[in-house]
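Dear colleague,

Please find below the structure that I am handing over to you. My notes on what was found in it follow directly after.

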Amino acid sequence: MDILRDHNWVLSVGTFLPLAGVLVMLFIPKVEEQLQKAVALITALATLGVGVYTLTLFNYDRAGEMQFVAQTNWISVIKSTYYIGLDGISLPLYILSMVITVLVMIYSWDHIPSPGNPKAFLMLMLVLQTGMAGTFISQDLILFFVFFELVLLPMYFMIGVWGGENRQYASLKFFLYTMFGSALMLVAFLALFFKTGAESFAIPYLVENGGAIAKNTQVWIFAGMFIGFAVKVPMFPFHTWLPDAHTQAPTQGSVILAAVLLKLGTYGFIRIAIPMLPDAAREWAPYIGLLAVIGIIYGALGCLAQTDMKRLIAFSSVAHMGFVMLGISTLTSFGMNAAVFGMVAHGLITGMLFFVAGSVKDRYHTLEIARLSGLLKQVPHLAWILGFCVMASLGLPGLAGFWGEFPAILSAYSPLSGLSEVTFRVYMVIAAMGTVLAAAYLLWLFQRIAFGEPKPEFGGSTSDAHGHHDHSDHDDAHHNDIHDVTVYEWVAWTPLLIGIVLFGVMPNLLFKLIDPAVAAIVTQIGG
Amino acid sequence: MLSTLFAAADWVAPTVDYHAIAPEIIVAAGICVVLLADLFIADRSKWLLSTVAGFTLLGAFIPVLTLGLSDEGTRSLFDGRYVIDDFSIVLKGLFLLSAYVIVLLSTTHIEEGDYYQGEYWVLMLSSILGMLMMTSSRDLVSIFVALEFLSIPAYMLAAWRKRDAKSNEAGVKYFLLGVFASAVLLYGMSLLYGVANSTLLSDLASEMSGQLTSIRVLAVVFVVVGFAFKVSAVPFHTWAPDTYEGAPTPVTAFLSVASKAAGFVALVTVLYVAVPGSSDVWQPLIWVLAALTMTVGNVMALRQTNIVRMLAYSSIAQGGFILMPLAVAAEGNSSAAVLRSVVTYLIVYAATNLGMFGIILAVSRKTRSGEVASFGGLFSYAPGIGALATIFLASLAGIPPLGGWIGKFSAFQAVLEAGTTWGYVLAVIGAVNSVIAFGYYGNVMREMWMRPVPNGDTSAIATPAPIKLALGITGLATLALGILPGVALHFGDIAVFSSAFGG
């Protein structure tokens, strides 16, 4: 019974269990909304349960190797197999996707965005979960591509149906950008396949043999992959879909997008593009670094110019992903460690920020920074949570954000030998300035909306020091909604908040997982 | 002259392998049964005819199965002019199953149409018989006969609604351009015969290689152009949008799937078996046709507001994707991968496109409109049909894990396998086109999911049982082919000619 001994079924079950939930929900009538929500939540919890079980089975001493490997025939005609496995890089992201899905389901219990229809909404979310988890465990390029694309349609509908006013434009833009990227990526995958002798699509095989391709060809193949992954990250100048998508997406969509979907791109760089095409990676690294620091500064300046809270957080994602990409572009073990940590930290923190933004929108029906004020007085818990996330996001030591950002900057001091130190040290200085800007826009955001007195239109008045909301004299539609953090929100948010502190205080929990896996990749590029 | 007549007196009947041509015989018998039954049964019992037609097709599928499972290998009849090899068996299966789905789609439409039901089924079956013959024809004459056999009933089917001006226009346009294409093709074939002094395709192969003479170039160009009309490749596509829009919707489904596939079968047969040696001529020609067909089809589809017209242009663009690998079919070792990709694409395209026509038939029963806008809010009041339509559209757009992606994937794979610069350029054009295509497929999805219901009419859609069955079959096939792409690819892989450079 090899199957039982190796436990290599856990990954398949963890990935496809959400689809079982979808099947069940398919047969429950649309009107049974509570039942739908319950089934979706139970499915997500069960999936997470499988994930936790995976965590307990994972051999932490061998985090650098693929574990739970399963390989079976899938499309033998084109030499693609169903080949999955999990190492120290995949594991945190794989689990992150499951945690986020559960939390989003809990949040959805009383936050189904208009126009309702929880059945379709939650089914899409479960399909999304399968796509995300599957991407992180695929060890075959075609399988990777299928999962990578599987997330597209659910997200498209999530933004397009349940989004804000400009949702149709935003969803189409999101879709066309990503699809353009992945079409070129697929061509690059196929070129790589043929250039390595048309033997196999297995990632380990291609990592082993990709390096033998002539450098010139590598550079071109890398270009195709670069566009595919850079659109997803998103890197400057392919980022323009992101602010629109984030602003228009429902809260749940924004959270999943920020916490997991963006990581599919950076993960692709680390797992596929760089180890398979090492010569091209060295050739491209300075340009990737350049685009990364442009992203950092551009994102930060963009944040300073925003008047909408959600849009501001979206731009801050561009800046944060810039740090991740800077770490990756150094091609060193140190930099990639920072990058993977940064991916997880950004997932927790920015996911949380979007949750808060969604709840602010629920209460105030606006996210315009100029109209919000005095949250600390009106909804103190919510405002403190926001303050906490802001601190985490700007990279305060002791919280998770720090360990993604600071080492990434530091790693640029000594990039892989062969890369220009001067160039990367310039990048380092620019990136460091980016952190100052980050502190500026985040604290300024917090100041503007949390400090001061609540605005009269939301039931606050300059004369009312307490800011309580029992003003029957100027009652309006908004201020009745303004209440502090609800139970569902507490339940959904606490794990994220704990995670931010936990990984901030004990970063080694993650680093010891990531490091061996990253080291295995860096040896491929001769680091 | 006289001597040939006398020689005919010594004619000996060839031995016929009846098992090999059993599918054709069963369909031919079905045609006779429907024709005769139509004369004698009362109007209210005419529904029987569609049942007979459906069972004829399923009955004909049985010998296809037994032929496929038999160990005898290639069966060659009439001196190699009619060959039952793996290629023909796979495609016969495809034609019969698609035709069965088309019968399901047609049944209600035809019964409610007050037109000549019996004749409809006779023509439909005749056209399918032509397609079955096409898959096995390995001789210029039998190819031409099969082509006319499948085309002439189709001209009449397009003009089925005879009191409708648009339907008449559809039929006449299709007929005139189709006949013109036949003439061009025939001229090319006569040149081929002139060069080789034989109509047998395998005889042509040896004569049509080597030195490029002007007569060879002309012959190949005329033949390819003749088929280009049939598969509505740009710039020979002009009949398609009008014909598709004017013809009754089930007939449009038939034309855009089965008839088009038959055109590709003929094209591939001639290219692979008769003129592989002239690839210097047809490869560049097909390269240009493929690039133009994909691009023009997509760009024109973006502008359509009528869904059938949009699907017409979409099917032109899809044809470009099927043509794409043929542009490098003779480079290196790519010929097998190219043939596989063409057959695979035809299989997934048939499943998906028929499904989409089923959706249009179901929705238009309620909305009585062919506008894209009539799909507004479909998901909110008919989630089942809305979800299925989304699956079909996403599959047409080539999004994994739905059937269409494996078609696109294998096409890209075949083009890149050739490893030529022209191949890479074409692949990039194809990649850009697959993004453009989402523009109009996504537009329909947007209507269904994100736009309000026109007129606020949210009454449920009553889908007749045959259409439900057809939607079920095609929906399942679209999903299954995408998740287990090995199935389609397997059939694509075994579908090789018995004697060709792909085999």
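Between which two helices of chain B does the loop with B:Pro235 lie? The loop in question runs between α9 (214–230) and α10 of chain B. Please bear in mind throughout that this is a predicted model.

**Backbone features**

The peptide bond that leads from B:Val234 into B:Pro235 is cis, with omega near 5°. Chain A also has a cis peptide bond, from A:Val233 to A:Pro234, with omega near -10°. A:Pro234 is placed in the loop between α10 (215–232) and α11 (241–248) of chain A. Most residues other than glycine have a negative phi, and most peptide bonds are trans.

A:Asn117 has a positive phi, near 60°, and sits in the loop between α4 (90–108) and α5 of chain A. With a relative accessible area of 16%, A:Asn117 counts as buried because the cut-off is under 20%. For B:Asn197, phi is likewise positive and near 60°. B:Asn197 belongs to the loop between α7 and α8 (201–207) of chain B and is exposed, its relative accessible area being 58%.

**Salt bridges**

Over all chains, the structure holds 23 salt bridges. Side chains of opposite charge can pair when their charged atoms come close.

One of these pairs is B:Glu24 with B:Lys92, at 3.0 Å from N to O. B:Glu24 is in helix α2 (residues 22–40) and B:Lys92 in helix α4 (residues 86–112) of chain B, so that distant parts of the chain, 68 residues apart, are linked. Both B:Glu24 and B:Lys92 are buried.

A further salt bridge joins the side chains of B:Lys173 and B:Asp242 at 2.5 Å, N to O. Because B:Lys173 lies in helix α7 (residues 165–196) and B:Asp242 in helix α10 (residues 239–246) of chain B, this pair ties together parts that are 69 residues apart in sequence. B:Lys173 is partly exposed, with a relative accessible area of 29%.

B:Asp242 also forms a salt bridge with B:Arg309, where the closest N and O atoms are 3.1 Å apart. B:Arg309 lies in helix α13 (residues 307–326) of chain B, and so the pair connects parts 67 residues apart in sequence. B:Asp242 and B:Arg309 are both buried. Through shared partners, salt bridges join B:Lys166, B:Glu169, B:Lys173, B:Asp242, B:Glu245 and B:Arg309 into one network.

**Largest pocket**

The largest pocket holds about 1500 Å³ of space. It is lined by 43 residues, of which A:Leu19, A:Val22, A:Val127, B:Ile391 and B:Leu479 are the closest to its centre. Elements that give two or more residues to the lining are α2 (9–26), α5 (118–137), α6 (141–150) and α7 (152–162) of chain A, together with α16 (383–397) and α19 (465–483) of chain B. By class, the lining has 34 nonpolar, six polar and three charged residues.

A:Ile498, A:Val501, A:Leu502, A:Val505, A:Met506 and A:Leu509 make a nonpolar surface patch of about 490 Å². Helix α20 (residues 487–505) of chain A gives the largest share of this patch, four residues. A:Val501 is placed in helix α20 of chain A and is partly exposed, with a relative accessible area of 34%.

By contrast, A:Leu375, in helix α16 (residues 375–378) of chain A, is buried with a relative accessible area of 0%. A:Leu375 and A:Lys455 are 80 residues apart in sequence and 9.5 Å apart in space, C-alpha to C-alpha.

With kind regards

Terms used
Residues are numbered from 1 along each chain as its sequence is written. Chains are lettered from A and ligands numbered from 1 in the order in which they are written. This is a predicted model: local features need pLDDT of at least 70, side-chain atom pairs count only at pLDDT 80 or more; totals for chains, interfaces and linings use all residues. Side-chain values use heavy atoms; hydrogens and water are left out. Patches are made of residues with over 30% relative accessible area and no salt bridge: like charges are joined within 9 Å, nonpolar side chains (Val, Leu, Ile, Met, Phe, Trp, Tyr) within 5 Å. Accessible areas come from the Shrake-Rupley method with a 1.4 Å probe; for residues, only the protein chains shown count as cover. A salt bridge is a side-chain nitrogen of Lys or Arg within 4 Å of a carboxyl oxygen of Asp or Glu. Buried means under 20% relative accessible area, exposed over 50%, partly exposed in between (1.4 Å probe, protein chains only). On a 1 Å grid over the protein atoms alone, a cavity is a set of points where a 1.4 Å probe fits but cannot get out, and a pocket is an open set with protein on both sides within 12 Å along at least five of seven lines; lining residues have an atom within 4 Å of a point. Grid points are joined across faces, edges and corners, and a volume is the space filled by probe spheres set on the points. Ala, Val, Leu, Ile, Met, Phe, Trp, Tyr, Cys and Pro count as nonpolar, Asp, Glu, Lys and Arg as charged, and the others, Gly among them, as polar.
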